[in-house]
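Here is a short report on a single protein chain. It moves from overall build to individual residues.

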Amino acid sequence: MDSRAYAKARALQMLQSAGIALTKAEEDRLEIADFGLNDLPVTGLELITYVNTDHCCAKELVLLPGQTCPEHRHPPGFGGPGKEETFRCRSGEVY
């Protein structure tokens with residue numbers, strides 16, 4: 001199994017273990033993000049997007065053990081304040 005297929009299967013398992021119920025359509029559109037760095041086991045995450053606009057987003061993010069999400073920002077644009085993000089750890093620990 002390649003690393004992307006493994007990441008998807010493991011992320012779906014982790015979401016289920018955390019009590020996150022997904023529809024089949026949501027499972028099918030689970031995204032694998034390596035931020036163009038081609039080092040998914042270290043820098044990347046798996047995600048389900050519920051809402052994503054210029055100003056807010058609602059997503060379930062999964063980081064597998066050892067993965068990190070690179071620092072990034074959502075600067076103001078189009079006359080608005082930029083994107084608001086809120087994070088809640090549903091399982092495990094975040095550093």
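Residues 24 or more positions apart account for 45% of the contacts in the protein chain with a separation of 6 or more. The model is predicted.

**Overall build**

The protein chain has two helices and three strands. Read from the N terminus, its elements run α-α-β-β-β. Along the principal axes, the C-alpha atoms fill a box of roughly 45 × 30 × 25 Å. Of the 95 residues in the protein chain, 25% are buried. The accessible surface is about 6,900 Å². Carbon and sulfur atoms hold 52% of that surface.

Charges come next. The protein chain carries 10 positive and 14 negative charges.

The three strands form an open sheet in the order S1-S2-S3, with antiparallel pairing. S1 and strand S3 (57-62) are the edge strands, and each of them pairs on one side only. On average, neighbouring strands of this sheet are turned by 35° against each other, direction ignored. As a general point, strands of a sheet pair through backbone hydrogen bonds, either parallel or antiparallel.

How many bridges join S1 to S2? Three bridges do, and the two strands run antiparallel. Within this part of the sheet, glutamate 31 stands opposite leucine 47 in S2. Helix H1 (residues 3-17) packs on the sheet and touches S1, S2 and S3. The direction of helix H1 makes about 105° with that of S3.

The other pairing is between S2 and S3. Six bridges join these strands, which also run antiparallel. Threonine 49 has lysine 59 in S3 as its bridge partner. S2 and S3 form a hairpin, and four residues lie between them.

**A buried loop residue**

Threonine 43 sits in the loop between strand S1 (31-33) and strand S2 (45-52). Is this threonine 43 buried or exposed? Threonine 43 counts as buried because its relative accessibility is 13%, and the cut-off for buried is under 20%. What does threonine 43 touch, leaving aside residues up to four places away in sequence? Its contacts are Ala33, Asp34, Phe35, Leu37, Thr68 and Pro70.

Two residues stand out for a closer look. Glutamate 93 lies in the segment after S3. Arginine 73 has its place in the segment after S3 as well. Glutamate 93 is exposed because its relative accessible area is 63%, and exposed means over 50%. Arginine 73 is likewise exposed, with a relative accessible area of 67%.

How far apart in space are glutamate 93 and proline 65, C-alpha to C-alpha? The distance is 9.9 Å, although the two are 28 residues apart in sequence. Arginine 73 and glycine 92 are 19 residues apart in sequence. Their C-alpha atoms are 24 Å apart in space.

The table sets out the accessibility values by residue.

| Residue | Relative accessible area | Class |
|---|---|---|
| Threonine 43 | 13% | buried |
| Glutamate 93 | 63% | exposed |
| Arginine 73 | 67% | exposed |

**In brief**

The chain places its two helices and three strands in the order α-α-β-β-β. Helix H1 packs on the sheet. Threonine 43 is buried in the model, whereas glutamate 93 is exposed.

Conventions
Residues are numbered from 1 along each chain as its sequence is written. This is a predicted model: local features need pLDDT of at least 70, side-chain atom pairs count only at pLDDT 80 or more; totals for chains, interfaces and linings use all residues. Side-chain values use heavy atoms; hydrogens and water are left out. Buried means under 20% relative accessible area, exposed over 50%, partly exposed in between (1.4 Å probe, protein chains only). Contact means heavy atoms within 4.5 Å. Accessible areas come from the Shrake-Rupley method with a 1.4 Å probe; for residues, only the protein chains shown count as cover. Lys and Arg count as positive and Asp and Glu as negative; His and the chain ends are not counted. The place of a charge is taken as NZ of Lys, CZ of Arg, CG of Asp or CD of Glu. Two strands pair if DSSP finds at least two bridges between them. Axes are lines fitted to C-alpha atoms, for helices over the stretch in contact, and angles run from 0 to 180 degrees between N-to-C directions.
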